[in-house]
Structure formats: structure tokens, C-alpha cells
Amino acid sequence: MKKYNIIVSMLSMILGAAMIFFVRHFEFKSFDNIGPGFWPRLLGILIMILSGILLLQTVVKKEDGKAIDFGTIGMKRVFLMILIMVVFSVLLYFLGMILAMIFLIPSTIVVLGESNKKKIVTITLGITAFVYIVFEMLLQVGLPNGKIF
């Protein structure tokens, strides 16, 4: 378990640093007018801080002797969610945010155990409409467009 925590914390630190690096050209003026660079930077910093805490706890704490069982249903869900996020990223690149969300939301709901189709459709349409209304209409922040749409 200790080995996995160290690997995850190091990869997460790299992810946080990459987030900060890739948004370095995004506008961030001040806290009064934060701009599109604020949240990615903040999340990158938080990821790095939390990764550092995990690494510190792992190094300081004694080995607990627990092993990870990769065959459990929980681990299968984790792997499935990773796959869903990869597919979402590809769809986001080619189809844009709205269409990618129409894939992401119901897929995530099903992985979490909901099977009622009416609930799945309602939640998907509700969240997608909310995101569109808040970001496109109210905040006038354009959602990512895809290469195709």
C-alpha cells in the first residue's frame, strides 16, 4: 500500500504542476476580475498540496500491511471510471463540451449504480442545461467546442 501511495502522490504532483504549466497563458488579473486562469491554477495548487500531504503521511506512517485487491467490484468501478474519463476527453476534443457531457453524466450515474432510465435522462438533461445556462448565457464564458462540432 505504501508503494502505491507514493506512486499516486508523485503522479498527482506532476498532474498539478502540468495544470499550472498549461494554463500559464490564461488570463488572471486580480481577485476582483479572476479570469479563466484562476480555477485551473487553484486546482493545480490544491492537487499539489494534497499530494504532498499524502506523500508525507505515507513516509511518516508505518506500513499497515494491507494489500490492494484489484479484483473487487470497487476497483473495477475505478477502472471503468478511468475509461469513461478517457472517452470523455476524446469526445470533448472532437464533439465539444455539451455532447461530451451527454456521454459522461449517464455513464457515471450507471457506474454508481442507478438503473432508473427516467432518472438518468432527467439528471443528464438537467445538469447539461444548467451548465449551458450558467456558463454560456449568464457568465458568457464559452464552453469548449470540438473539432467536428
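Which helix does Thr58 lie in? Thr58 lies in helix α2. This is a predicted model, in which local features need pLDDT of at least 70, side-chain atom pairs count only at pLDDT 80 or more, and totals for chains, interfaces and linings use all residues. Residues are numbered from 1 along each chain as its sequence is written, and side-chain values use heavy atoms, with hydrogens and water left out. Helices here are DSSP runs of H or I with at least four residues, strands are runs of E with at least two, and both are numbered from the N terminus.

**Helix α4**

- Helix α4 covers residues 97-111, 15 residues in all.
- The expected span of a helix is 1.5 Å times one less than its number of residues.
- For α4 that gives 21 Å, and the end C-alpha atoms are 21 Å apart, so the two agree.
- Buried means under 20% relative accessible area, exposed means over 50%, and partly exposed is in between (1.4 Å probe, protein chains only).
- Buried residues in α4 are Ala100, Met101, Leu104, Ile105, Pro106, Ser107, Ile109 and Val111.
- An α-helix has 3.6 residues a turn, so residues three or four places apart point the same way.
- The buried residues of α4 pack against α3 (73-95) and α5 (117-138), where contact means heavy atoms within 4.5 Å.

**Nonpolar cores**

- A nonpolar core is a set of buried Ala, Val, Leu, Ile, Met, Phe, Trp, Tyr and Cys residues joined through side-chain atoms within 4.5 Å.
- The largest nonpolar core has six residues: Met101, Ile105, Ile109, Ile120, Val131 and Leu143.
- Helices α4 and α5 are the elements that give two or more residues to this core.
- Helix α4 gives the most to this core, with three residues.
- Another core lies apart from it and has five residues, among them Ile84, Phe88, Ala100 and Val111.
- Ile109 is in contact with Glu114, Ile120, Ile123 and Thr124, leaving aside its neighbours within four places in sequence.

**Largest pocket**

- Pockets are found on a 1 Å grid over the protein atoms alone.
- A pocket is an open set of points with protein on both sides within 12 Å along at least five of seven lines, whereas a cavity is a set where a 1.4 Å probe fits but cannot get out.
- Lining residues have an atom within 4 Å of a point.
- Grid points are joined across faces, edges and corners, and a volume is the space filled by probe spheres set on the points.
- The largest pocket holds about 820 Å³ of space.
- It is lined by 17 residues, and the closest to its centre are Pro36, Pro40, Leu43, Met97 and Pro144.
- Helices α2 (38-60), α3 and α5 each supply at least two residues of this lining.
- The largest share, three residues, comes from α2.
- Ala, Val, Leu, Ile, Met, Phe, Trp, Tyr, Cys and Pro count as nonpolar, Asp, Glu, Lys and Arg as charged, and the others, Gly among them, as polar.
- By these classes the lining of the largest pocket has 15 nonpolar, two polar and no charged residues.

**Second largest pocket**

- The second largest pocket has a volume of about 210 Å³.
- Its lining consists of Tyr4, Val8, Ile68, Phe70, Met75, Val78, Phe79 and Ile82.
- Helices α1 (2-22) and α3 are the elements that give two or more residues to this lining.
- Helix α3 gives the most, with four residues.
- The lining has eight nonpolar, no polar and no charged residues.

**Individual residues**

- Thr58 is buried, with a relative accessible area of 7%.
- Leaving aside neighbours within four places in sequence, Thr58 is in contact with Lys2, Asn5 and Ile6.
- Thr128 is found in helix α5 and is buried, with a relative accessible area of 7%.
- Not counting residues up to four places away in sequence, Thr128 touches Ile98, Met101, Ile102 and Ile105.
- Thr128 and Asn5 are 123 residues apart along the chain, and their C-alpha atoms are separated by 35 Å.
- Gly126 also lies in helix α5, and counts as partly exposed at 39% relative accessibility.
- Gln140 is found in the segment after α5 and counts as exposed at 68% relative accessibility.
- Gln140 has a positive phi of about 55° although it is not a glycine.
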